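Please read this note with the sequence and the model side by side. The points are numbered so that each can be checked in turn.

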Amino acid sequence: MLVLIILLVCVIVALMIYNMSIHKKIQTFQNMNQRVTNLNILQDFMNIVGNDSDVDKKIQDINEVIIEKYEIKYSTIVVFDGTEYIIKASNVSSRHWDALKSLHEVDIFKDSIAASVPKYITVNNENERLPYQQQEFGRSKSAIFFPLYIDNVYIGYWIIESGVPHDFDNIDTTIFETVRENIVTVLKTIDYQKTLEKIARTDLFTGLKTAEYLYGEGKKIIDQYAVSGVCMFKIANIEEINKISRELGNKVITETSNYIKSNIANTYLFVRYMGPKFAIVFCGVESNAVSEFIKGIKESIEEQKISLEENFEVKEIDETQDEKIKEGKEIPKKGRRKKKKQIKTATPQLNFVISTYYKGTGLEEVFRKMEKYIDEESKESTEITSI
């Protein structure tokens, strides 16, 4: 009997050890599975950042990934734009948005913002309301509030909600801390894109977009193709023309840009890069295929004689005056002003450099290299260079 008891005890101990081992393996598997899930979600975030949609659409897509992957009932991202709080993404009905974009005014969340720590709140029964709820009653019963910071600067908050009391009691908040950091990273990247989109202007002098357009809206068009030929050119003799006449120099710039604009397809991007430098992106066209076209453009422009008629005044002597002496002094003949016209002419000289842009690489690096080359190129050069 004693032997049987000892044997049973040994079996029980063995089973306990085995169960503990199984539990640890399950825990390890769950942790690994969560890491894989987080990596997959991070990859989803990066894919969203890299796609061609606009800034607001990207934030909405990120919020949808959070809701789907983490099975969250409600998720809302609110950003402070410097003047007001704006809901950038939410799956909550818009009738509740006034309350959701005023959470920074709720006392329980003010401490969370000041300390830069999440705040978990919940109710104990179905008859209670969360502190920030006004007219809504049954929508959410628990929530976690995450303040958002970029480089220690407060930019808004992210709040997740559930319709079940104490639904987040046993949740691993470190998972959502990681998600919060990913949201901040995405917002930071998107903020850079938004800045580029807003800074792009139309050059009033030529009617062309400025260089910033290429890195914002323009890049969405360019990246529809795997490879594109890019070209930069400079009116090399603009300084000499400006010495003759600033107005003539202005006319050379406008007529040169107008000629090229009227001779390239609408699917290509043509911008005034800076001063006398311009850039063309031949979307979806190999760089070696545009050389002949560029050669023809260059020859046509450099055959033009751009003229400007300028008015100027000269002083003439009025010979009709014959009064000689008055009070013992000689009176000089009176002068008068007369307008004359002068024709000034100039022929632009263009320096071209051609390169290739591959989707997924740095477009700004391609143009930086081209600009450096064209600035160092001899003004007498007439070659079209490929780099």
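The points below go from the chain as a whole to a sheet, then to salt bridges and to some single residues.

1. Basis of the note. This is a predicted model, in which local features need pLDDT of at least 70 and side-chain atom pairs count only at pLDDT 80 or more, while totals for chains, interfaces and linings use all residues. Residues are numbered from 1 along each chain as its sequence is written, and side-chain values use heavy atoms, with hydrogens and water left out.

2. The chain as a whole. The protein chain holds ten helices and 15 strands; helices (H or I, at least four residues) and strands (E, at least two) are DSSP runs, numbered from the N terminus. Of its 387 residues, 40% are buried, where buried means under 20% relative accessible area, exposed means over 50%, and partly exposed lies in between (1.4 Å probe, protein chains only). The accessible surface of the chain comes to about 22,900 Å², and carbon and sulfur atoms account for 52% of it; such areas come from the Shrake-Rupley method with a 1.4 Å probe, and for residues only the protein chains shown count as cover. Among contacts (heavy atoms within 4.5 Å) with a separation of 6 or more, 65% are between residues 24 or more positions apart.

3. An open sheet. In the order E2-E1-E5-E4-E3, five strands form an open sheet with antiparallel pairing; two strands pair if DSSP finds at least two bridges between them. Strand E2 (85–90) and strand E3 (119–122) stand at the edges with a single partner strand each, so one side of each has no neighbour in the sheet. On average, neighbouring strands of this sheet are turned by 20° against each other, direction ignored; axes are lines fitted to C-alpha atoms, for helices over the stretch in contact, and angles run from 0 to 180 degrees between N-to-C directions.

4. Inside and across that sheet. Strand E1 (residues 74–80) is paired with strand E5 (residues 153–162) in the antiparallel sense over six bridges, and Val78 has Tyr157 of E5 as its bridge partner. Helix H4 (residues 107–115) lies across E3, strand E4 (142–150) and E5, and runs at about 35° to E4.

5. Side chains of opposite charge can pair when their charged atoms come close. The whole structure contains twelve salt bridges, each being a side-chain nitrogen of Lys or Arg within 4 Å of a carboxyl oxygen of Asp or Glu. One of them joins Asp203 and Arg272, whose closest N and O atoms are 3.1 Å apart. Asp203 lies in the loop between helix H5 (173–199) and strand E6 (209–210), whereas Arg272 lies in strand E8 (residues 269–274), 69 residues apart. Both Asp203 and Arg272 are buried.

6. Salt bridges within a helix. Glu217 and Lys220 form a salt bridge at 3.2 Å, N to O, and both lie in helix H6 (residues 217–222), three residues apart, which is about one turn of the helix. Glu217 is partly exposed at 35% relative accessible area, while Lys220 counts as buried at 14%. Another salt bridge joins Lys298 and Glu302 at 2.8 Å, N to O; these two are four residues apart in helix H9 (residues 291–302), and therefore about one helical turn separates them. Lys298 is buried, with 6% relative accessible area, and Glu302 is partly exposed, with 27%.

7. A network of salt bridges. Which residues are linked in a network of salt bridges? They are Lys234, Lys277, Glu371 and Asp375. Lys234 is placed in strand E7 (residues 227–235), and although Lys234 and Asp375 are 141 residues apart in sequence, their C-alpha atoms are 8.5 Å apart in space. Leaving aside neighbours within four places in sequence, the contacts of Lys234 include Pro276, Lys277, Gln349 and Asp375.

8. Two backbone angles to look at. Most residues other than glycine have a negative phi. Ser116, in the loop between H4 and E3, has a positive phi near 60° and is partly exposed at 32% relative accessibility. His166, in the loop between E5 and H5, also has a positive phi near 60°, and its relative accessible area of 33% makes His166 partly exposed.
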